[in-house]
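Have a look at the sequence and the 3D view, then read on.

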Amino acid sequence: MTSATLQPPHVRVGPIAWLRVNLFSTWYNAILSLLIGALLAWVILQFSGWAVGAARWDVITRNMRLFLIGQFPGDQAWRIWLNLAVISGLAGLSGGSAGGAVRTLATSVAAAQLLFAGLIAVSGIGLLGSVAYLANAALVWVGLVGGMRRLVPQRVVTIGWLVSLPASFILVAGVGDTAIPSVSTNLWSGLLLTFLLATVGIVLSFPFGVVLALGRRSALPAVRWLSTAYIELIRGVPLVTILFMADIMLPLFLPGELRIDRVARAMGGITLFSAAYVAENVRGGLQAIPAGQVEAAHALGLNGFLTNRFIVLPQALRAVIPANVGLFISLLKDTTLVTIVGLLELLGIGRSVLAQSESLGAQMEVYVFVAALFFVMSFAMSQASYRLEASLGVGER
Amino acid sequence: MNGSAQEVRGARVPPWRNERVLRVLAQAVVLLATALFVGFLVRNLTTAMAERGLSLGFGFLDLTAGFDIAESPIPYRSTDTYGQAFLVGLMNTLSVSAAGIVLATILGVLVGVARLSTNWLVNRVASVYVEIIRNTPLLVQLVILYFAVFLQLPAVANAIELPGAIFLSQRGLFLPAPELTPSFGRWLVFVAVGLGVAVAAGVVAARRASAGRPTRRLGMIGLVTFVAISVGGWLLAFQAPIVIDLPARERFNFVGGMGLSPEFAALLFGLVLYTAAFIGEVVRGGIQAVRRGQWEAARALGLSERQALRLIVFPQALRVIVPPLTSQYLNLAKNSSLAIAIGYPDMFKIGVTMSNQTGQPVPVILLVMGTYLVISLATSLLMNIYNRRVQVLES
């Protein structure tokens, strides 16, 4: 910028003028401002008075370990750290090379881990957890730098993500009597279970949902009716009833010898449920593809499968990324419903903490803490999704 | 195009390349695969159910339920049948959903308008509310409201009294309620007559307006007549047709007025607060979707601010608002099933109790899911009809 270019005039508004325009523009605005201001001040005073004075936060700090990894055996906790380290590194690499919203997401992963490091340090449940979280946050940063310098090819990162998902699941679940002994799903609980349920739910339901969406727009009536019936059936009933059905009826539907445990049943229920919602998101993306694209593909001699594979789906799926991030957020929040069928995810662990005799009467502390954890995760993700939406220009086309 | 199609036909396409044959074949394969899969599941189900002595029949609905239900809008005793108990659950679900939809719509519209307010404080408070509600799970909000707020309220003796004779205590929320007296029927006759006059005046006014003749304020005259006749009828009746029944404190509970149990109140408030945040965003989006030029054009035509809002902006915003509003209503009805976490006897909770007591979970699950499906389909049908009426305005 040369010195000849003038900056736009900078309008300075004094505090009085600002108040006048924004709070006291008319008489009813003035009354409204005063009333709401007074109410707000009262609420903030009451809440901060409680949070600083009366609240017994020791209930939270004493049980921090339960909240985070539940009853996962302590000597096996390194498996979760290793998992987190891999995800942190990959998130950093992706964020570094992609930039934009993905970088925001990677940064918030690092920020969340710093937050947990702080929470663990305050709780005094051992230095190891804090150090591990700090190391992970550092790893995100290393990944970011590495990604920005393009030290790792994009293809490797993509393959890394694809491999890491099943790998981390196996790492948590364990295999028989090896170096990573299997951990009974009864012990999966806390934030760990919340993440596992939401991630498995979205990953497994995604391909199923895409198939359903294509089926709903198929030219073959039988396929269309079947897909539509499934989607509307699932969307017409509450998730709790599906979880309840999965808990009781899934074992009955399987051949006698095959037994599946409760966590797997809940995952099955969540997958069946969210597939219908993924399908509706993807259908939105499919409808946004101009008919000319399909006609051009046919004119080039591509058949139905190739048209979908190379022309329609790449464009449609790109357009529905923000909607699917939104779905993941609501799925993350919906995992709380598995408490109703007796699993101990974050909210369920909160309830079992409240059942301890020392925690009597600390409902507000425990539930506010659980709500705050959900808020941090879901707010960070929704901000990233807004940025993603803006960078993809979804709303503008 | 035509020529090439004939060429293709002339070349005698073999059946494995013939698109019509392929389409039929593909559908047959899909149907067969689905039928086989469903058949496999059903066979497993029947063998598993036979092994465990479960049945698919609905005969248990005529058996005696034998459990009590804390609250019920229809008469119910533990000696009634399971069918009656299920009906109680259905009524409870419907009543909390209906009340929730009405209140959430009112609060949601307020929130949506507040988010567009030029008042900085109003605007900020509304957006913080929306962000907090939308980023935390509904179930967590419900347990906070029930276990940490409603159950921690003071006992009846120290009940919190809010202006307007509203009492909050461990027993729940007590509000003044309108009560009809015997003279209500007589008063209703006056109201009906007034309404008839008003409607007649309105019809005449509309006819005159469409014929291009002056309406001579007939609509206003009709309205005034209606109000005058109704008020006159109220005064002429020997006693007031409607009296306000105030809740009164007794030793262990309140009597009179309208009492909401802590479970019902927590569920209703939770659902309303949650859904209103989403409806607020829907309303804001709808109003913002109406272009600024529409306001300007309305002013240029000489319409007043109110007329512009009523005749130009609102109908267009409604068109954008109604479809997502429908799904919010459906979500509210479905979310009422979370009542089980706080012990409100809705349809799902009673279904679970029935399934535990009868030991026949399969038909109970089918019954509960089927009923939710019917409620959802009926709501979306009604809202689709309304939506079509709103959309017709375009022509």
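What follows goes from the overall layout down to single residues.

## The big picture

First things first: this is a predicted model. Start with chain A, which comes with 17 helices and zero strands. Its C-alpha trace covers about 70 × 70 × 50 Å along the principal axes. Chain A has 397 residues, and 38% of them count as buried.

## Domains in both chains

Chain B gets domain 1 (2-49), domain 2 (89-136 + 262-392) and domain 3 (184-236). For domain 1 of chain B and domain 2 of chain B, the C-alpha centres are 42 Å apart.

## Where the chains meet

The contact draws on 43 residues from chain A and 45 residues from chain B. On the side of chain A that touches chain B, helix 2 (27-54), helix 10 (221-235), helix 11 (239-253) and helix 17 (363-392) of chain A each put in at least two residues. Helix 17 of chain A gives the largest share, with ten residues.

What kinds of residue sit on that side of chain A? There are 30 nonpolar, twelve polar and one charged.

## The nonpolar cores

The largest nonpolar core holds 140 residues. A:Leu243, A:Val370, B:Leu142, B:Val143 and B:Leu267 have the most contacts inside this core. Helix 8 (residues 262-289) of chain B supplies the largest share, 17 residues. To zoom in on one spot, B:Leu142 touches B:Ala266, B:Leu267, B:Gly270, B:Leu338, B:Ala341 and B:Ile342, leaving out residues up to four places away in sequence.

There is also a second, separate core of 21 residues, with A:Leu90, A:Leu93, A:Ile120 and A:Ala384 among them.

Begin with helix 9 (residues 190-216) of chain A. This helix has 27 residues and runs 37 Å from its first C-alpha to its last, close to the 39 Å expected. Where does helix 9 of chain A bend? The bend, about 35°, is at A:Phe206, and a proline, A:Pro207, follows within four residues. Because 19 of its 27 residues are buried, helix 9 of chain A is largely enclosed by the rest of the structure.

Over in chain B, helix 8 has 28 residues and reaches 40 Å end to end by C-alpha, close to the 40 Å expected. Of those 28 residues, 24 are buried, so helix 8 of chain B is largely enclosed by the rest of the structure. Helix 6 (residues 184-210) of chain B has 27 residues and reaches 38 Å, close to the expected 39 Å. Its buried residues include B:Trp187, B:Phe190, B:Gly194, B:Ala198 and B:Ala201. The buried residues of helix 6 of chain B pack against helix 7 (218-236) of chain B. Just after helix 6 of chain B comes B:Gly212, with a positive phi of about 85°.

## Two residues up close

Is A:Ala266 buried or exposed? A:Ala266 has 27 C-beta neighbours inside 10 Å, so it counts as buried. You'll find A:Ala266 in helix 12 (residues 262-287) of chain A. Setting aside neighbours within four places in sequence, A:Ala266 is in contact with A:Leu197, A:Leu243, A:Ala246, A:Val338, A:Val341 and A:Leu343. A:Ala266 and A:Gly201 are 65 residues apart in sequence, with 9.4 Å between their C-alpha atoms.

Now for A:Arg150, in the loop between helix 7 (127-148) and helix 8 (154-173) of chain A. A:Arg150 counts as exposed because it has 11 other C-beta atoms within 10 Å. Its phi is near 60°, a positive value in a residue other than glycine. Most residues other than glycine have a negative phi.

Terms used. Residues numbered from 1 in each chain as written. Chains lettered and ligands numbered in written order. Predicted model: local features only at pLDDT ≥ 70, side-chain atom pairs only at ≥ 80, totals over all residues. Buried ≥ 20, exposed ≤ 12 C-beta atoms within 10 Å, placed from the backbone. Contact = placed C-beta atoms within 7 Å. Nonpolar A, V, L, I, M, F, W, Y, C, P; charged D, E, K, R; others polar. Domains from an automatic or database assignment. Core = buried A, V, L, I, M, F, W, Y, C linked by C-beta atoms within 7 Å. Expected span 1.5 Å × (residues − 1). Bend = angle between axes of the 7 residues up to and from the residue.
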